[in-house]
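Student: Before we discuss any labels, could we look at the model together and ask what stands behind each term?

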Amino acid sequence: MAQLFTRDTQAIFWNNNASAIQRMLDYDYTIKREKPSVAGIVAPTGDAKFQKFFWGGDEIMVPLYKTTAEAKAAQPQADVLLNFASFRTAYDVTMEALELGGFKTIMITAEGIPERLARKMNQAARDAGVIVIGPATVGAISPGAFKIANVGGTIENIVNSKLHRAGSCGLVTRSGGLFNELSNIIAINADGIAEGVAIGGDRFVGSVFIDNLLRMQDNPDVKYMILLGEVGGTEEYKVIEAVKSGRITKPIIAWCIGTIAKYYSSGVQFGHAGASANAERETAEAKNKAMAEAGIHVPATFNDLPAKIKEVFESLNIAPVPEPEINIVPSVRRSKQFICTISDDRGEEATYAGFPISSVALPSTGKGIGDVISLLWFKKQYPKWATDFIETVIKTVADHGPAVSGAHNAKVTARAGKSVVESLVTGLLTIGPRFGGAIDGAAEYFKYADDNNLTPAEFLNYMKKQGVPIPGIGHRIKSLKNPDLRVKGLMDYAAENFPKTPLLDYARTVEALTTSKKENLILNVDGTIGILMVDMWRALGYAEEEIDEFIASGTLNAFFIAGRTIGFIGHVLDEKRLAMPMYRHPMDDILYDVQVAEKI
């Protein structure tokens with residue numbers, strides 16, 4: 001992989017470091033990336049499903065996940081993991097990502113991962129062909145394409161250092177702080193960098209100098225390279241051998257910081273865990289001398305580095321880099337208080353889930369209310385068999401007479417002279433666990449039994465232990481001898497149009513057992529609707545977890561609410577059309593049992 005990142009590269013960010021993520025997104029906006037570089041965030045302790053971030057002056061939502069596996073499954077195109085876990089967790093997070101697969105690059109910010117674990121982790125990455133940047137790093141950047149977290153500093157510094165577009169230098173350092181400084185020096189004395197990597201300051205890092213320089217050797221966008229090493233370690237000697245053998249032919253400018261170490265009588269560690277010479281060969285002075293002898297461009301001192309960069313760059317006669325247009329990140333931004341992901345009324349025509357209303361509302365489109373519900377409730381285009389089933393459900397539950405609590409409330413309120421909406425609300429407020437809730441309950445409990453492979457007898461025993469009557473089973477009037485034609489109609493439709501009905505098939509085996517005890521313990525209309533809704537969602541490809549979420553959030557009851565609203569309004573209008581007077585309940589229908597109050 002000669003090119004580390006592209007404009008299409010996306011990352012999964014482990015640990016919700018909001019400021020670092022926002023810097024990445026500000027960079028994306030500045031360089032006019034088509035899509036955000038952060039595809040998802042792993043937040044193990046969070047409960048939210050997304051987090052808002054600014055995209056210029058607007059906002060976008062980045063999804064949150066509990067685990068790396070969940071994030072990778074949802075965002076398979078994201079092939080970079082940005083591991084911002086603590087040093088106690090970073091090893092486990094990296095090893096899990098390597099086991100999952102699908103990642104080309106893993107960056108680790110944590111400093112101080114135990115060296116035994118670091119070596120094991122780095123070897124596992126090499127065996128898997130994965131580039132590890134770090135531990136103890138600020139990351140890497142492919143200017144004009146993708147940058148990791150905080151590398152490069154602020155947007156102002158990034159633009160000043162020409163990191164908003166590709167130059168011609170390949171930069172590899174150990175130090176993250178000096179990476180930013182060198183980027184600026186290169187921008188002043190040359191045309192900027194094509195790719196830059198801060199490999200990390202720990203003693204054992206994943207990708208070392210030679211790994212990155214060999215990749216840059218093969219990257220045609222890199223014309224020359226700069227290596228900033230430091231006292232300690234022998235990785236620079238691998239670069240020397242590559243130059244001597246001819247494997248690296250592009251010019252290299254190099255310097256190892258820490259030459260002052262020779263003036264100390266004992267070994268001194270300079271900041272990084274790996275910045276300590278344990279032998280003469282590991283001193284900065286020895287490495288600088290060896291690199292110069294191999295033909296690498298080594299300045300006399302660090303202060304001479306800018307002049308050396310300018311000299312080598314000008315000798316290559318590289319064509320000037322055109323400056324691209326960039327976006328300017330607004331200095332003042334305001335977070336929005338509400339989010340809408342289902343409709344948009346800002347354009348010439350309002351849309352439902354991105355579809356113009358006229359494309360679903362007009363008779364010529366052949367679309368119905370089921371299509372509107374699939375777009376506004378689920379943000380998907382359901383096939384006709386599914387939208388027709390939704391409409392069948394709504395028509396089936398629209399009204400079951402004036403005696404049920406909701407219709408009764410709506411009628412009483414209408415007779416009190418209240419408006420349609422006030423009367424409707426009093427009816428809707430009765431919908432819940434005892435009225436309409438059997439749809440939710442049937443879906444929940446029958447799905448639980450099916451998911452756990454319970455036999456009908458085991459399911460009945462389970463419900464008995466729960467102390468809960470089986471939702472969706474039983475009818476006061478209907479029975480095996482007097483079947484409910486609504487149930488028959490729903491089942492016939494499913495048999496003819498559904499790809500398959502495994503949960504309904506299971507429920508029928510339960511019904512066979514319950515009706516053997518009492519013939520009115522049949523699968524009723526609420527149970528049939530709830531169970532077939534689960535079968536519908538399964539056939540449409542929803543994950544079991546998504547279906548469980550639909551059930552838990554009351555989505556099934558929403559179908560009952562939508563349908564019964566039609567009936568309630570009918571009853572309200574009926575009362576008003578008949579000009580019915582104020583309702584007073586008859587006294588002979590009330591049991592009065594009032595005792596004389598006890599004196600305290």
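Student: Why is Arg346 called exposed?

Tutor: In this predicted model, Arg346 has a relative accessibility of 70%, and since exposed means over 50%, Arg346 counts as exposed. Its salt-bridge partner Asp344 has a relative accessible area of 26%, which falls between the limits of 20% and 50%, so Asp344 is partly exposed.

Student: What makes the contact between Arg346 and Asp344 a salt bridge?

Tutor: The N to O distance between the two side chains is 2.8 Å, and the criterion asks for a side-chain nitrogen of Lys or Arg within 4 Å of a carboxyl oxygen of Asp or Glu, so the pair qualifies.

Student: How do you know that Lys481 and Glu519 form a salt bridge as well?

Tutor: Their closest N and O atoms are 3.9 Å apart, and because the cut-off is 4 Å, this pair also counts. The two residues lie 38 residues apart, Lys481 in the loop between helix H17 and helix H18, and Glu519 in the loop between helix H19 and H20.

Student: Why are helices H16 and H21 described as roughly antiparallel?

Tutor: Helix H16 (residues 437-451) and helix H21 (residues 544-552) pack at an angle of about 150°, their axes being 10 Å apart. Angles over 145 degrees count as roughly antiparallel, and therefore H16 is roughly antiparallel to H21.

Student: Which residues are linked in a network of salt bridges?

Tutor: The network links Lys447, Asp450, Asp451, Arg538, Glu544 and Asp548.

Terms used:
Residues numbered from 1 in each chain as written. Predicted model: local features only at pLDDT ≥ 70, side-chain atom pairs only at ≥ 80, totals over all residues. Heavy atoms only, no water. Axes fitted to C-alpha atoms, helices over the stretch in contact; angles between N-to-C directions. Helix = DSSP H or I, 4+ residues; strand = E, 2+ residues; numbered from the N terminus. Parallel < 35°, antiparallel > 145°, perpendicular 65-115°, else oblique. Buried < 20%, exposed > 50% of the residue type's maximum accessible area, 1.4 Å probe, protein only.
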